[in-house]
Amino acid sequence: MEHFTANVKSQTIELAVLDTLSSFSNIPFIYHFENTAVADKRDLFMPADALRASFYKALLEFPVLAGHLHMDSVGRGSIVVDRNNLNLPEYRETTCDVHFNELKAADYNWGLFPKDLVSVCVVTTAGADGVIKLANVHCARLRDNSGMLIFVNMSHYVVDGVGFCAFMDRWAKYCAQACDEHAGTVVERRDFLFNRNIVNKALSPSRRPTHAVTAHLFFVPRLAASALAWISPALRGRIMSIIASMGKPEAHMFHISKERLEALRHSLRDYIPGDLRLSDNDLIASLASMTIVNGIRGPESRQRSSGILSRLKSICSNVLGRLFVKTKDEHITFVIADIRHRLGISDCDYTGNCVIPQLVVNPLRRMETPASLESYVLVASRMRAAVQDLDAPYISQFVETLNNHPSSFAQPLVYTINHPEKVFVTNQSRFPLYDLNFGFGTPVWVSPIPHSAINFVKVMPVHPSKTGYNIHMTTTRNTMRNILSNQSWLQLATLIF
């Protein structure tokens, strides 16, 4: 750490609305590493000193993670890195009584994790000292040095998934080099880009209007959204955390094999118009969205809830309903899309947020009825059309309008509070989560934290020895009960835990 504090440079990094748009959430992953060394070398596994030193070496390439978050009353933000007043990431090291074989036997079920492994929730909140940490790390060594769990979280204020993976790659490379006395190559310092003007400079000179529903949701001023943008990030995080907990979230991990996806695609062939090609993500996102909406409308979820928190949530929803117009007859799935390649900046090592939510709108009645092959194709077709519609002129208009309305980042927050049937889908299957190697082999399992935001679906990569996708789905307990008995979903997805 001393090397970092002695060499980091003071700087201020202005945030863009693309950053604050994702700011309500964290990016947390848990890596599972197994110690497979022979008996006389097992004690050398993942040495704490090397892990810690290489972490701070990588941090020099990502000084933004050691800064303080500042935001004004209209939603403009910045990260101030002051070498004399650093906001260093939380870095913890512990040992626990769980053996790696026990985790493996339970398919890495969250129930066996050390209770304090995960130090944050899905929402970006301040710690006990009132300060928002921009990164959190917990290295938990398993019993008999049989393996290690590495929990890492980064705030969406400063990086997106690409930035997260870039930091992890650098940390692992520096550690692997430090642990290999005979390494033939030296890991050279790499300069990552944090200047948010990179995105603005890449915008197309052509413009295409934002769709009406998107414009209404993001750019029509609403009192509740303005209030959320006006308050401090710490208070906003606290409010969002309380609201998230009211939903009583429950999450499960499913697996969808390539074989089942192809069988589904084959069964849809007579209903797919023309030469339309539906991607794996179109199929998964559509069925997951329909499954969640069906689960919300199912018998378990229609039961009236009781208790002060449920009543408070109902009151909040009624108040917000008067402040934000509800789209009662439409359902929206927010598909989180990376726009780097669409703007031609995939290769420039830009680590700031470069994702936008693309809205996929369907009639609510289509989503809430039991899925037929025909209705499923209609939903998936809209999913494909929405993703294909994300070209440079459309993105450029959307980003430019966002920049002109800095408080617009809070609009989706209000919408999600007041629309319990909304769904978010993010495809993380291309993240190189299983490529990470600290010098002792790659992880055998990588997962998010036990639950995410309500109605949030993450399409995850699988271990290289397997095919298909792992699906992390979070919703309310009542809705999840219905999902776990939904045969349309379970014919495609196998429950892992």
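1. The side chains of Glu-61 and Arg-170 form a salt bridge, with a nitrogen-to-oxygen distance of 2.9 Å. Glu-61 and Arg-170 are both buried. The model under discussion is a predicted one.

2. A salt bridge also connects the side chains of Asp-116 and Arg-92, again given as 2.9 Å from N to O. Asp-116 sits in the loop between helix H4 (100-105) and strand S6 (135-141) and Arg-92 sits in strand S5 (residues 90-95), so the pair ties together parts of the chain that are 24 residues apart in sequence. Asp-116 has a relative accessible area of 39% and is therefore partly exposed. Arg-92 likewise counts as partly exposed, because its relative accessibility is 23%.

3. Which residue meets Arg-340 in a salt bridge? The partner is Asp-338, and the N to O distance is 3.1 Å. Arg-340 is buried, because its relative accessible area of 5% falls under the 20% limit. Asp-338, at 24%, is partly exposed.

4. The model contains an open sheet of seven strands with mixed pairing. The strands follow the order S10-S9-S11-S13-S14-S8-S15. At its edges are strand S10 (355-363) and strand S15 (494-495), each of which pairs on one side only. In general, strands of a sheet pair through backbone hydrogen bonds, either parallel or antiparallel.

5. Within this sheet, how do strands S13 and S14 run, parallel or antiparallel? Strand S13 (residues 456-460) and strand S14 (residues 469-476) run antiparallel and are joined by five bridges. Val-457 stands opposite Met-473, a residue of S14.

6. Pro-221 is found in the loop between helix H7 (212-219) and helix H8 (223-230). With a relative accessibility of 68%, Pro-221 is exposed, because the value is over 50%. Although 184 residues separate Pro-221 from His-405 in sequence, their C-alpha atoms are 9.2 Å apart in space.

7. How many cavities of 30 Å³ or more does a search of the whole structure find? The search finds three. The largest cavity has a volume of about 60 Å³.

8. The lining of the largest cavity consists of Ser-23, Phe-24, Val-123, Thr-124, Tyr-157, Pro-233, Arg-236, Gly-237, Met-240 and Leu-413. Helix H9 (residues 233-246) gives the most to this lining, contributing four residues. By residue class, the lining of the largest cavity holds six nonpolar, three polar and one charged residue.

Terms used:
Residues are numbered from 1 along each chain as its sequence is written. This is a predicted model: local features need pLDDT of at least 70, side-chain atom pairs count only at pLDDT 80 or more; totals for chains, interfaces and linings use all residues. Side-chain values use heavy atoms; hydrogens and water are left out. Two strands pair if DSSP finds at least two bridges between them. Helices (H or I, at least four residues) and strands (E, at least two) are DSSP runs, numbered from the N terminus. Buried means under 20% relative accessible area, exposed over 50%, partly exposed in between (1.4 Å probe, protein chains only). A salt bridge is a side-chain nitrogen of Lys or Arg within 4 Å of a carboxyl oxygen of Asp or Glu. On a 1 Å grid over the protein atoms alone, a cavity is a set of points where a 1.4 Å probe fits but cannot get out, and a pocket is an open set with protein on both sides within 12 Å along at least five of seven lines; lining residues have an atom within 4 Å of a point. Grid points are joined across faces, edges and corners, and a volume is the space filled by probe spheres set on the points. Ala, Val, Leu, Ile, Met, Phe, Trp, Tyr, Cys and Pro count as nonpolar, Asp, Glu, Lys and Arg as charged, and the others, Gly among them, as polar.
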